[in-house]
Amino acid sequence: MGARLGERQILLGTLPPRGSGREAVKTLRIVLGDQLSAGLSALRDLDPANDIVLMMEVANEGTYVRHHKQKIVLVLSAMRHFAAELRARGIAVDYVALDDPANTGSLTAEIVRAVERHRPTRIAATEPGEWRVLKMAENWQEATGCPVELFADDRFFASRARFAQWAKGRRGWRMEHFYREMRRAHAILMDGDNPVGGDWNFDAENRKKLPAAVTTPARRRFEPDATTRAVMALVERYFDEHFGTLDEFGWPVTRAQALQALDDFIANALPQFGDYQDAMRAGAPFLFHSLIAPPLNLGLLSPHEICAAAEAAFRTGTAPLNAVEGFVRQILGWREYVRGVYWTLMPDYADANALEATRRLPDFYWSGETPMRCLAQAIDQTKRYAYSHHIQRLMVTGNFALLAGIAPREIERWYLAVYADAYEWVEMPNTLGMAVFADGGKMASKPYAASGAYIDRMSDFCGGCAYEVKQKTGPKACPFNYLYWAFLIRQKERLAGNPRMAMPYRTLAGWSPERQAAIVAEAQAFLDRL
Ligand code: FAD
Ligand code: DLZ
């Protein structure tokens, strides 16, 4: 007992004697870094007398895209805490640390080594959350010579099959339709057969600008403990060239901390979540958002308990319906919907490029050095916190990538790298489908393209910007303005027939060919300078 996690060691449990009559079934149970849930399907029916849990810190999972340092710290620290909790329950955990000299750096090779060490009767694992890792898992039986049982990941409201059944035969998929079915199926915010409050959606109340006089609540962040600090040192050593800084690390790394973060959100931010969901303010990264995606996507919280906590806040009168419905829709609706889209459309989805965008990602996405203040703010927050909220992702960094025609795969890899909550199953549809319309409308009914006026309306960014948001052309004009119109002109054949794009195309129809050509030329000159 008492081994440091720098070493690989079985701490508890005795291996059954070999060749002594009836051999007990010995299962090697694999827990990946985003599967940190006590009720994980791979851990069900675990026999503490015979089974061993295998957890592996491997360099490849940190580098297949160069993840933000905070994301790697979060995953590895949470893995170490989870292993300690299993051990405290008397479960044998074979934990391979990143700096174990024998560590091969890859999941499959580590499983092969573990099978040689333990000679299990079978391997049990929960389906990985990502296509790439699922393909690896499908090879584990052949690679190890040991039978592998892959269990479904049932930590979601909807199984993959449930989504596929919903999607089958539908001409267009829309989140709102799926969400209503989920509300009914799981009896969330329902009064009998009807939605609470008489409407399914209260978004009309949820698009307010944040008045300067409204203060935002201090948020529950967590001081790194000894385990997290040890991982931080390791990450600085192994991943020193990765994006982002560790100074502001404050993410919950245990289930107990994640529950505290959830309580803090429900009590202090949820009541105003709806009102200011789309607002942005310089120097205020969190506003009234939940900050719950990083622990949720690791498995430290379940979506069911989060929705139940939000609904309870409404039922007890501590949060209004527009806030609670808006929040529940993100989790019960969007999160489940994008997972369904991902698994239904992979692997072809990864190559989607309906708008034929080919531009390289500008360097300022990594440095944050740009005179466009909205982008500089969003990227600076991303560096410091591995976080920016949805509207910054969608309407600032995403909108710019859409308008500038950045190649979908480049911007998609950027989103996967830079956020503490980023996993391909949730990030890819949001990027390809929602932010850059690369799937041509599978996810969203129209591109989320906007000029500087939208950013000005929803934030205080434009005030201190080097550009002038009210100017449409000229050297001081906000680049979002001419990029927006040039985008519409460039994509006219593809988008003008979309009824939801009718208004801007009507405006454009009133412009002379010369005016249109001048806008295109100005946008092109800007893009050439990037
Ligand atoms: P809140 O605003 O408080 O929302 C509550 C919860 O709802 C979130 O924690 C999340 O679990 C869920 N949620 C909200 N919006 C979405 C959405 N569009 N899709 C799926 N779930 C949603 N979310 C991720 O979890 N991982 C990602 O890798 C990711 N990449 C994104 C990339 C782009 C281009 C965009 C536009 C959005 C992305 N999102 C991603 C969705 C969303 O931006 C984040 O979930 C959210 O910002 C996380 O912060 P929060 O926990 O404070 O969320
Ligand atoms: C993201 C991540 C990182 C950085 N490191 C590890 C790791 O060392 N070991 C591990 O088991 N998982 C890690 N992960 C999470 C995996 O990448 C994740 O399981 C896949 O992306 C599937 O969702």
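Asp34 first. One of its polar side-chain atoms lies 2.5 Å from an oxygen atom of ligand 2. That is a polar contact, meaning a pair of N or O atoms within 3.5 Å. Keep in mind that this is a predicted model: local features need pLDDT of at least 70, side-chain atom pairs count only at pLDDT 80 or more, and totals for chains, interfaces and linings use all residues. Residues are numbered from 1 along each chain as its sequence is written, chains are lettered from A and ligands numbered from 1 in written order, and side-chain values use heavy atoms, without hydrogens and water.

Next, Glu61. A polar side-chain atom of Glu61 lies 2.6 Å from a ligand 2 oxygen. Gly33 uses its backbone: an N or O atom there sits 3.0 Å from an oxygen of ligand 2.

How much of ligand 2 does the protein bury? Taken alone, ligand 2 exposes 490 Å² (Shrake-Rupley, 1.4 Å probe), and the protein buries 99% of that.

Now the shell. There are 17 residues around ligand 2, each with a heavy atom within 4 Å. Asp34, Met56, Val58, Glu61 and Glu130 come nearest. By class, the shell has eight nonpolar, three polar and six charged residues; Gly counts as polar here.

Which helix gives the most to that shell? Helix 2, with four residues. Helices are DSSP runs (H or I, at least four residues), numbered from the N terminus. Helix 1 (59-63), helix 2 (69-88) and helix 4 (131-137) are the elements that give two or more residues to the shell around ligand 2.

Methods:
Polar contact = N/O pair within 3.5 Å; in protein donor to acceptor, adjacent residues only side chain to side chain.
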